[in-house]
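Here is a short briefing to read alongside the model. Please keep the structure open as you go through the points.

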Amino acid sequence: MAVRMPLQVEALHKAYAGNPVVDGLSFALEPGTCFGLLGPNGAGKTTTLKLCLGLTAPDAGSITLAGLPVPAQAQAARARTGVVPQFDNLDPDFTVTENLLVFGRYFGMTHAAIMARIPWLLQFSGLENKKDARLATLSGGMKRRLTLARALVHDPDIVFLDEPTTGLDPQARHLIWERLKQLKSEGKTLLLTTHFMDEAERLCDRLIVIDHGRKIAEGSPRELISAHIEPQVVEVYDEAAGALAAFVAAQRGSSARVEVSGETAFFYCHDPQPLLAALAEASGLRYVHRAANLEDVFIKLTGRELRD
Ligand code: ADP
């Protein structure tokens, strides 16, 4: 049965050695939806997930997971939550089935209850033909699907997914996305962190962008795009040295907002026609005209400089 309040976080604070890592964060997940937690490296996403699971204690603020206070009742709350960690931590010495069995026992399930659930888990993860396979024989995509199946062994209401498709090829990513949509349609609540803005745009009903432990934007992907960015983007690439700089200089004073990053100029605008007409006349340039997307919003809010 779905919980009424899958996760609610209020005024959460956590500092390491005096440095705030989560700095007054509040958000709430609606049942049966996918909620995105986005932010550049070091923004505080993993720490937030750990706090929500009761794996680290907050300095201040309140967390309610699966209707239970965390950390006070973290263990009971975790029993209603599945976790797909950033890095697969499956047992390499065990088979697919054995990995599911070990995890089910960890949640106090009986052998019979786990065995009864395994056929569905294997079917869900497309691993029916791999039930006795050793881990070493699985591809990266299969291991990720097994990690997802493992997170579902105890039929949780809420699933935390920490970068679930990092390192996967496009086919494997699409399969994971289909399965996550299926979970949502079955009433599960998902909390997703990802660096792929197309993934967030596809899967998330709502999301927050955090930076330096603080929330800097919140809404549905569509709402964020219309609130934060011009609707049209023209990306212009230099093909002959100097052509781009000359073109950008000539466009000064046009209504488009321009950002230059290396050999590319990004023009953000409401009406791209004057720009496209100028590009038709220009030489030494290539360009792409597209609709604004969540990545544009993310870059606008968090900047282009590297964070690592
Ligand atoms: P993200 O998941 O968004 O990349 P993290 O939550 O992993 O961010 O980290 C946020 C910041 O907190 C980083 O600067 C990181 O170095 C620091 N941090 C995370 N965990 C610890 C820890 N156990 N001790 C000290 N600093 C930490």
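The buried residues of helix 3 (residues 96-106) pack against helix 4 (111-124) and helix 5 (140-151). This is a predicted model, in which local features need pLDDT of at least 70 and side-chain atom pairs count only at pLDDT 80 or more, while totals for chains, interfaces and linings use all residues. Residues are numbered from 1 along each chain as its sequence is written, and side-chain values use heavy atoms, with hydrogens and water left out.

**Helix 3**
- The residues of helix 3 that are buried are Val96, Thr97, Asn99, Leu100, Leu101 and Gly104; buried means under 20% relative accessible area, exposed over 50%, and partly exposed in between (1.4 Å probe, protein chains only).
- An α-helix has 3.6 residues a turn, so residues three or four places apart point the same way.

**The chain as a whole**
- The protein chain holds 11 helices and 14 strands; helices (H or I, at least four residues) and strands (E, at least two) are DSSP runs, numbered from the N terminus.
- Of the 308 residues in the protein chain, 48% are buried.
- Its C-alpha trace spans about 70 × 45 × 35 Å along the principal axes of the protein chain.
- Among contacts in the protein chain with a separation of 6 or more, 70% come from residues 24 or more positions apart; contact means heavy atoms within 4.5 Å.
- The protein chain exposes about 14,400 Å², and carbon and sulfur atoms supply 52% of that area; accessible areas come from the Shrake-Rupley method with a 1.4 Å probe, and for residues only the protein chains shown count as cover.

- Strand 1 (residues 7-16) pairs with strand 2 (residues 19-29) in the antiparallel sense, over 8 bridges; two strands pair if DSSP finds at least two bridges between them.
- His13 has Asp23 of strand 2 standing opposite.
- Between the strands of this hairpin there are 2 residues, and Ala17 takes a positive phi near 50°.

**Around the ligand**
- Tyr16, Val21, Pro40, Asn41, Gly42, Ala43, Gly44, Lys45, Thr46 and Thr47 surround the ligand, a residue being near a molecule or strand if one of its heavy atoms lies within 4 Å of it.
- Helix 1 (residues 45-52) gives the most to this shell, with 3 residues.
- A polar backbone atom of Gly42 is 2.7 Å from an oxygen atom of the ligand, and for a polar backbone atom of Gly44 the distance to a ligand oxygen is 2.9 Å.
- An N or O atom in the side chain of Thr46 is 2.7 Å from an oxygen atom of the ligand.
- The ligand taken alone exposes 560 Å², of which the protein buries 56%.

- An open sheet is formed by 4 strands in the order 12-13-11-14, with antiparallel pairing.
- Strand 12 (257-261) and strand 14 are the edge strands, each pairing on one side only.
- From one strand to the next, the twist averages 20°.
- Strand 11 (residues 232-238) pairs with strand 14 in the antiparallel sense over 7 bridges, and Val234 has His289 in strand 14 as its bridge partner.

**Arg286 on strand 14**
- Arg286 lies in strand 14 (residues 285-291) and is partly exposed, with a relative accessible area of 45%.
- Leaving aside neighbours within four places in sequence, Arg286 is in contact with Glu235, Val236, Tyr237 and Glu239.
- The C-alpha atoms of Arg286 and Tyr237 are separated by 5.1 Å, although these residues are 49 residues apart along the chain.
- The side chains of Arg286 and Glu239 are joined by a polar contact of 2.9 Å; a polar contact is a pair of N or O atoms within 3.5 Å, and within protein one must be able to donate a hydrogen and the other to accept it, with residues adjacent in sequence counting only if both atoms are side-chain atoms.

**Helix 11 and Thr302**
- At the start of helix 11 (residues 294-302), a side-chain oxygen of Asn293 comes to within 3.0 Å of the backbone nitrogen of Glu295.
- Thr302 lies in helix 11 and is buried, with a relative accessible area of 7%.
- A polar atom of the Thr302 side chain lies 2.7 Å from the backbone oxygen of Phe298.
- Beyond neighbours within four places in sequence, Thr302 is in contact with Pro40, Val209, Asp211, Ile216 and Arg307.
- Gly303 follows helix 11, and its phi is positive, near 85°.

Methods
Axes fitted to C-alpha atoms, helices over the stretch in contact; angles between N-to-C directions.
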